[in-house]
Amino acid sequence: MEADNDTGISEFLLLGLSEEPELQPIIFGLFLCMYLITVLGNLLIILAVSSDSHLHTPMYLFLATLSFADICFTSTTIPKMLWNIQRQSQVITYAGCLTQMFFFILFGGWDDFLLTVMAYDRFVAICHPLHYTVTINPRLCGLLVLVSWVISVLNSLLQTLTVLRLSFRANVEIPHFFCEFNQVVGQACSDTFLNDMVMYFGIVLLGGAPLAGILYSYSKIVSSIRRISSAQGRYKAFSTCASHLSVVSLFYCTILGVYLSSAAPQSSH
């Protein structure tokens, strides 16, 4: 094992979703379309919020920030995947892998915190409507966005720095289309105990705590909606949360799918 160690490794190989040559054009076209739709859709949201003064409210400002984070989040992985397919290459440099990992964790964590902040915004709007304008003021909005950004940066920096201490064998193959943290650490040939502890800490910080906050907010929201006497009032209150609930469900289900697939035995199929 020690003879195979290469602490000066310069590149990794990203195996992608499939190694079948006939599937590469299909994968390229599918992901290119999804990426363009994601970027253009989020840019339209940002443009709409910034250009319409009626949308300069906390809910829409959080939405515009989430759209910006989402563009950055997808841009950390998909362009490199498309570039590799186009060039018929699987190579990513060691520095590029660490950079991709840093920004992926950063913007993924920021997405998560912003979804939690938006849940809190809906909680105050529905459960304490008379205090909404006082509680959710511009200063608090800016502070919530800033704090979520700082925590995400610190967590991402900590996660990435722990990878620097690891050594890898030559020709490391990552069974994914991007440098997913768990997959990269799993390819190390040195002790990964510290990395595992930092990863679990990040899961609790960026997964458990925000999810608990979202679930608590919506438990209070549902309780408040049930006390509304008119059906029209209940529908109006719920409609303001439906899109946010959809995004939260998609976000956490995707994360769960990624990490379950990472833990499952790998096969070319």
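The model is predicted, so local features need pLDDT of at least 70 and side-chain atom pairs count only at pLDDT 80 or more, while totals for chains, interfaces and linings use all residues. Residues are numbered from 1 along each chain as its sequence is written, and side-chain values use heavy atoms, with hydrogens and water left out.

Start with helix H4, residues 94-127. Helices are DSSP runs of H or I with at least four residues, numbered from the N terminus. The expected span of a helix is 1.5 Å times one less than its number of residues. Buried means under 20% relative accessible area, exposed means over 50%, and partly exposed is in between (1.4 Å probe, protein chains only).

Next comes the salt bridge. The structure holds one. The term means a side-chain nitrogen of Lys or Arg within 4 Å of a carboxyl oxygen of Asp or Glu. Here the side chains of Asp121 and Arg122 meet at 2.9 Å, N to O. Asp121 is buried, at 1% relative accessible area. Arg122 is buried too, at 9%.

Now move to His244, in helix H9 (residues 231-263). His244 counts as buried, at 5% relative accessibility. Beyond residues up to four places away in sequence, His244 touches Leu115, Met118, Ala119 and Tyr218. Contact means heavy atoms within 4.5 Å. With Tyr218 there is also a side-chain to side-chain polar contact, at 2.6 Å. A polar contact is a pair of N or O atoms within 3.5 Å; within protein, one must be able to donate a hydrogen and the other to accept it, and residues adjacent in sequence count only if both atoms are side-chain atoms.

Phe181 lies in helix H7 (residues 181-186). Phe181 is buried, at 5% relative accessibility. Its contacts, leaving out residues up to four places away in sequence, include Met101, Ile105, Gln159 and Asn195. Phe181 and Gly233 are 52 residues apart in sequence and 45 Å apart in space, C-alpha to C-alpha.

Leu146, Trp149, Val150 and Leu154 make a nonpolar patch of about 360 Å². Leu146 sits in helix H6 (residues 138-164). Patches are made of residues with over 30% relative accessible area and no salt bridge; like charges are joined within 9 Å, and nonpolar side chains (Val, Leu, Ile, Met, Phe, Trp, Tyr) within 5 Å. Accessible areas come from the Shrake-Rupley method with a 1.4 Å probe; for residues, only the protein chains shown count as cover.

Definitions and conventions:
Helices (H or I, at least four residues) and strands (E, at least two) are DSSP runs, numbered from the N terminus.
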